[in-house]
Amino acid sequence: MANVLVVDDAKFMRLTIGNILTKSNHTVIGEAENGKDAVSLYREHQPDLVTMDITMPEMNGIEAVREIVKDFPKAKIIMCSAMGQQRLIVDAIEAGAKDFIVKPFDESRVLEAVKRVLG
């Protein structure tokens with residue numbers, strides 16, 4: 001099972017996705033509420049997978065993806081977006097994200113994306 005870094009500025013969202021992952025035997029090795037912390041936690045732990053919110057303070061998810069992928073080209077990142085953020089999702093995929101999931105989270109969709117990205 002995977003070690004996962006969960007990144008979202010809303011604690012409730014981090015809890016929600018964390019619960020979905022731990023129920024499926026993945027381990028949440030860290031949480032961040034902004035892109036800056038996400039980059040630093042990624043460098044420290046080099047998790048198997050990251051779930052990354054797009055809209056966050058300090059550094060948004062797309063900037064964080066660029067920063068992580070620059071140093072770790074094989075990083076596996078799934079973007080988490082709200083409905084109607086299609087343009088941002090395209091930007092995130094172009095920046096190096098491997099997949100995306102839409103809020104509110106559907107457990108089966110989250111696990112499907114995780115399985116696909118982890119290969």
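Helix axes here are lines fitted to C-alpha atoms over the stretch in contact. Keep in mind that you're looking at a predicted model.

**Stop one: H1 against H5.** Select residues 11–23 for helix H1 and 107–118 for helix H5; they pack at an angle of about 65°, with their axes 10 Å apart. That angle makes H1 roughly perpendicular to H5, since 65 to 115 degrees counts as such. Look along the pair and you'll find H1 passing H5 in a right-handed crossing. Now show side chains: H1 brings Ile17, Ile20, Leu21 and Lys23 to the contact, while H5 brings Glu107, Val110, Leu111 and Val114. Colour them by class and you get six nonpolar and two charged residues, with no polar ones.

**Stop two: His26.** Next, pick His26, in the loop between H1 and strand E2 (27–32). Is His26 buried or exposed? It's buried, with a relative accessible area of 10%. Leaving aside residues up to four places away in sequence, His26 touches Met1, Ala2, Val4, Leu21, Val114 and Leu118. Zoom in on Ala2: its backbone nitrogen lies 3.1 Å from a polar atom of the His26 side chain.

**Stop three: H2 against H3.** Finally, select 35–45 (helix H2) and 61–71 (helix H3), whose axes come within 9 Å and cross at roughly 20°. These two helices are therefore roughly parallel, and H2 passes H3 in a right-handed crossing. On the H2 side, show Gly35, Ala38, Val39, Tyr42 and Arg43; on the H3 side, Ala64, Glu67, Ile68 and Asp71. By class, this contact has five nonpolar, one polar and three charged residues.

How values were computed
Residues are numbered from 1 along each chain as its sequence is written. This is a predicted model: local features need pLDDT of at least 70, side-chain atom pairs count only at pLDDT 80 or more; totals for chains, interfaces and linings use all residues. Side-chain values use heavy atoms; hydrogens and water are left out. Axes are lines fitted to C-alpha atoms, for helices over the stretch in contact, and angles run from 0 to 180 degrees between N-to-C directions. Helices (H or I, at least four residues) and strands (E, at least two) are DSSP runs, numbered from the N terminus. Angles under 35 degrees count as roughly parallel, over 145 as roughly antiparallel, 65 to 115 as roughly perpendicular and the rest as oblique. A crossing is left-handed if the near helix is turned anticlockwise from the far one by less than a right angle, and right-handed if clockwise. Contact means heavy atoms within 4.5 Å. Ala, Val, Leu, Ile, Met, Phe, Trp, Tyr, Cys and Pro count as nonpolar, Asp, Glu, Lys and Arg as charged, and the others, Gly among them, as polar. Buried means under 20% relative accessible area, exposed over 50%, partly exposed in between (1.4 Å probe, protein chains only). A polar contact is a pair of N or O atoms within 3.5 Å; within protein, one must be able to donate a hydrogen and the other to accept it, and residues adjacent in sequence count only if both atoms are side-chain atoms.
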